[in-house]
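Here is a friendly briefing to read alongside the sequence and the model.

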Amino acid sequence: DKELASHITYNAYLFYGQSDYLVQDYSDVVSKKLANGDDIYKIYFDEYNFKDCVNYLSQSSLFASNNVLLIKTTKKIPKKELDELISICNTNPDSFVVFSCIGETDFKTMAKSFTKKTSSVEVRFFAPSDQEALQVLSKEAQNRNLQCGFGELQYLYNMHQKDLSLCVNDLNKLAILEEPITVNIINAQCFGMGGVS
């Protein structure tokens, strides 16, 4: 967070860990910091093709200021391919790659390729504590101009069995109402992970 605030950037990023929400959120934040949203080339899961990635990162950016490749994956990428993609980003100053690793796969072996020496960084997220998760939800509520108290956020968080992604999706839905959020509104508009009557 301090490096993002200080505008320190790397050529390659690896986000992985126990919180899929934080992995995806930071991947998006960093990608948008490196390039305009339209200039980010996104590859989702089974779309990953090493040669296409190499071609994209190797070319000069014609219309955009940077080539930003965002790869969302649930599978490990072979070390040789990973090292080559990072190397290309170090060679081509217009290119950046962001790996958003989702799911239960053990991505720790991929992290070994990311060092300051290669102008790359890996960030491992752990499951947030309840207090940290509620701080994230509070920030997201503020970003949406929601009038929502701590108690309501805690209620929503517990309703979704502590799943941040579902909570943030519901905050998007609740923002449409443009009124102060109460537990009754949450009960009427949101459906938790448990049974639905």
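Buried means under 20% relative accessible area, exposed means over 50%, and partly exposed is anything in between, with a 1.4 Å probe and protein chains only. By that rule, buried residues make up 42% of the 197 residues in the chain. This is a predicted model, in which local features need pLDDT of at least 70 and side-chain atom pairs count only at pLDDT 80 or more, while totals for chains, interfaces and linings use all residues. Residues are numbered from 1 along each chain as its sequence is written, and side-chain values use heavy atoms, with hydrogens and water left out.

**The chain as a whole**

- The chain holds 9 helices and 5 strands, where helices (H or I, at least four residues) and strands (E, at least two) are DSSP runs numbered from the N terminus.
- Read from the N terminus, the order of elements is α-β-α-β-α-β-α-β-α-β-α-α-α-α.
- The C-alpha trace spans about 55 × 35 × 30 Å along its principal axes.
- The accessible surface of the chain is about 11,100 Å², and 49% of that belongs to carbon and sulfur atoms; the areas come from the Shrake-Rupley method with a 1.4 Å probe, and for residues only the protein chains shown count as cover.
- A contact means heavy atoms within 4.5 Å. Among contacts between residues at least 6 apart in sequence, 76% join residues at least 24 apart.

- Two packed helices are described by the angle between their axes and the distance between the axes.
- Axes here are lines fitted to C-alpha atoms, for helices over the stretch in contact, and angles run from 0 to 180 degrees between N-to-C directions.
- How do H6 and H7 cross? The axes of H6 (residues 130–143) and H7 (residues 150–159) come within 10 Å and cross at roughly 115°.
- H6 and H7 are therefore roughly perpendicular to each other, on a scale where angles under 35 degrees count as roughly parallel, over 145 as roughly antiparallel, 65 to 115 as roughly perpendicular and the rest as oblique.
- H6 passes H7 in a right-handed crossing; a crossing is right-handed if the near helix is turned clockwise from the far one by less than a right angle, and left-handed if anticlockwise.
- On the H6 side the contact is made by Asp130, Ala133, Leu134, Leu137, Ser138 and Ala141, and on the H7 side by Phe150, Leu153, Gln154 and Tyr157.
- By class, this contact of H6 with H7 has 7 nonpolar, 2 polar and 1 charged residues. Ala, Val, Leu, Ile, Met, Phe, Trp, Tyr, Cys and Pro count as nonpolar, Asp, Glu, Lys and Arg as charged, and the others, Gly among them, as polar.

**Helix H7 against helix H8**

- H7 and H8 (residues 164–175) pack at an angle of about 125°, with their axes 9 Å apart.
- H7 and H8 are therefore oblique to each other, and their crossing is right-handed.
- Leu153, Leu156 and Tyr157 of H7 meet Leu164, Cys167, Asp170 and Leu171 of H8.
- The contact of H7 with H8 has 6 nonpolar, no polar and 1 charged residues.

**Tyr157, a residue of H7**

- Is Tyr157 buried or exposed? Tyr157 is buried, with a relative accessible area of 3%, and it is found in H7.
- Not counting residues up to four places away in sequence, Tyr157 touches Pro128, Asp130, Ala133, Leu134, Leu137, Lys162, Asp163, Leu164 and Cys167.
- Tyr157 and Val168 are 11 residues apart in sequence, and their C-alpha atoms are 9.5 Å apart in space.

**The loop between H7 and H8**

- Most residues other than glycine have a negative phi.
- Gln161 lies in the loop between H7 and H8, and its phi is near 50°, a positive value in a residue other than glycine.
- Lys162 is in the loop between H7 and H8 and has a positive phi of about 65° although it is not a glycine.
- Gln161 counts as exposed at 54% relative accessibility, whereas Lys162 counts as partly exposed at 43%.

**Two loop serines**

- Ser19 sits in the loop between strand E1 (12–17) and helix H2 (20–34) and counts as buried at 6% relative accessibility.
- Leaving aside neighbours within four places in sequence, Ser19 is in contact with Phe125, Phe126 and Pro128.
- Ser129 lies in the loop between strand E5 (120–125) and H6 and is partly exposed, with a relative accessible area of 37%.
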